[in-house]
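Dear colleague,

I am handing over the structure below, together with some notes on what was found in it. Please read them with the coordinates open beside you.

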Amino acid sequence: MLKYVDYSGIKKKSHLEAIEGYKLLRQLPDSPPMLIVDQDFRVIFVNNNFRKYFDVKEGDLISKLNSEPKIENVILGLRESNYESIEAEMYFSDNGYNNVKVHIERALIESNEYVICWFVFENPEIKFEEKINNFYSALEHSNIPLMIINSEGYILYSTPAFENVLDLNLETLFNNSLLSIFSFYLSQSELASLSTALSNRTTWYGSISYENKKREISFFDLILEPINSSNESWSFIFRANDITNHIQKNRVIKKSERRLKSIINNITDLLLIISKKNDEYVFVTANDNFCNAFEINKDIAEGKKIEDLLEEILVNNFYGAIDKLNKENSFDTTFKFDLLDGKIYFAKMIEIDDNLENEKLYVISINDITERELYEKQLRKAYEKELHLNKLKSTFLENMSHEIRTPINAINGYSEIIDDALKTKDYESVVEFIGILKDVFARVMNLFSNIVELSQIESGETEIEFVKLNCNKVLKSVYGKKLEDAEKKKLKFYLILEKEDVLINADWVKLEKVIYALVDNAIKFTDEGEVILSSRLSGNELQIIVSDTGNGIDKLQLKRILEPFAQEAEEAYTRAYDGAGLGLTIAYKLTSLMNGRFYIQSDKKNGTKVTLSFNVVK
C-alpha cells in the first residue's frame, strides 16, 4: 500500500548541512531503522538499529534489500512525482519480515537530492489481538459450527451454529467437557479415540447423526484439530460440517446406481459401455451377460484398455463402428460380425457426450444371432430347394408327357399298320413292325426303370454293395455291349486300358450301369468321329474316362445337365434325340454314392469328356 504526502510549497528547514551531520547524531535505542540513498540508489548512511535487522551497509545498492514491492521502484516513483514523501507496506523475503511500514522522504543536502527511509515494525501482539477480535466477530455472524477447546478438553467458546446443531445454549456448553457433551452422540470406542486425541494433541475425525424435533435426520462430520497459539488456554479447534445433503444425494445416487445396475443386468442383450480417454478406448462397465459371454472380470476390468480385455476381431469391429459414426456425423450405427468360435452377432452402437467428465461414451448392445442366421440360411436353402423341386416337377411332367405320349402314339400307329398287314397277309411287314414295337416297349421300360431308380436314390433307399474290383473288366464288358451300336453309326469306338491291374472299392453292378449310361450317351450324341473308353492311373487315383467328338454341351449348361430330366438347350418337343435326360443324373448320383468324383468337360461342337475318379485300394 502506497501513501503519498505532499509538502510542495512548504520550505523544509534543517540545521543539517552535510551527510556527516547525520553520522554525528546520537541515536536512541528505540529509534526506527533508517538509511539514506543517493541519486544512484547507493546507500550512503545507515543507523545502528537498521544494522540489527538488515544485512545492508554503506556503499551497497538499495536493491540488496530484497523486498516486495521493490524498494528501488518505489523510490524511483517518488522522484518522478510531485510528492515529497511516500509510505509503503513491504515484505522482505531475505529476513522474513512482513507488513513493514517504510516511510520514504526526499531531502536536499548540500544542493544534492537524497532519499531518507524509516522502517516501522508492527507490534505482533496487537496484530494478533486484532486478528482474534476479527475472528470472533466473523464466527458470530457465520453459519459454521465451531468450538474452541482448551488443553483440558473443556469448551471455551461455541458459535451459535454449533449451539443450534446440538440444541444447547452457550451457558450449558461453556466450560463443560467436550467428552461429556458428545457422550450422547458417540459410541464408547469413538469417545475413547476422542479422549486419546485430546491427551496427545492430535487430529481426530468422527461423525454424528441426530433427529430434530421435526423428526428430520441430519448428519455431520466432526474434526478436532490442535492449534499453536500465544494464548496458552487455546489448544483445539473443534468444528462440524453438515453433510446431510451430501449423504442424501449419495443415497439417491447409490439407489439409482443399484436400480440402473439391476436394469442393465436384466437386459438379455450383451451390453458394453466404453469411453475415450487420452485417445484410448477403455472399459467403463458391462452387464453380466456380456462379461459371461466374453469371460470378463468386471471388478478388475474398469479403466483398462479394451485391447487388453477383448479379442482383436471384436475390438476391430468396435473401432470400425466408431469410425463410421465420425464419418457420417451420426450418434448411432449398427453392424454385424463373426467371431472365431463361429458365432454371429448383431450390434448397435450409440455415442453419448458426457459433459461432466468431458469425454465420449459408447454404449454397445450386442445380440447373438447365430441360431437366427442358421435358421434363415436353412429357410433360404429350403426355399431354393422348393423352387428347384417345382422346376423339376414341371420338367418331369413336361418330359413325361413327351416320353410317354411318343411311344404310345408309336404303339398305336404300328398296331394299325400290323392290323392292315395281317389283313393283306403281309407277314414279312408284320415281323418287321413287331421288332420295332419291341424296341418301343424296351424304351418305355427303360424310362420307368430310370424313374424308379432315381426315386430310390433321392429317397436314400439305394444300397451300395462295395467290393474290390478291377475296373478294366467292367470297361471290357461295357465295350462289348456297345460296340455294335457304335458300328451301326459308323463311329470309331476305342478301348484303352491301364496296363496294371488296379483295384477300387465300388459296386460292380452300379459302376457298370454308370459307365454303360455314359458310353450310351456318347454314341447317341455323336454323329461322326470317335468315342473313347479308357482307364488311367493318376497318383493314388484311378480315372475312368469317356470322351466323344459329338455335338458337345454349352459351358453354361454343364451344371444344369446333371439335374433330373435336363437335356441340353432344346425343349422337349424339338429335341433331336430321344431320352428323358435321366442317364447323366443317375450316373452322377451313383458315382457320389460309391465315393467317386464326377467331372464333365464339354464345349459346343467340340465334344464331351466325362471323368470318374476313385481311390486305389490294395
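Helix H8 (residues 188-200) lies across strands E8, E10, E11 (217-226) and E12, and runs at about 140° to E10; helices (H or I, at least four residues) and strands (E, at least two) are DSSP runs numbered from the N terminus, contact means heavy atoms within 4.5 Å, and axes are lines fitted to C-alpha atoms, for helices over the stretch in contact, with angles from 0 to 180 degrees between N-to-C directions. This is a predicted model, in which local features need pLDDT of at least 70 and side-chain atom pairs count only at pLDDT 80 or more, while totals for chains, interfaces and linings use all residues. Residues are numbered from 1 along each chain as its sequence is written, and side-chain values use heavy atoms, with hydrogens and water left out.

The open sheet has five strands in the order E9-E8-E12-E11-E10, with antiparallel pairing (two strands pair if DSSP finds at least two bridges between them). Because E9 (155-158) and E10 (204-211) stand at the edges with a single partner strand each, one side of each has no neighbour in the sheet. The twist averages 20° from one strand to the next. E8 (residues 146-149) pairs with E12 (residues 236-242) over four bridges, and Ile149 stands opposite Phe236.

Best regards
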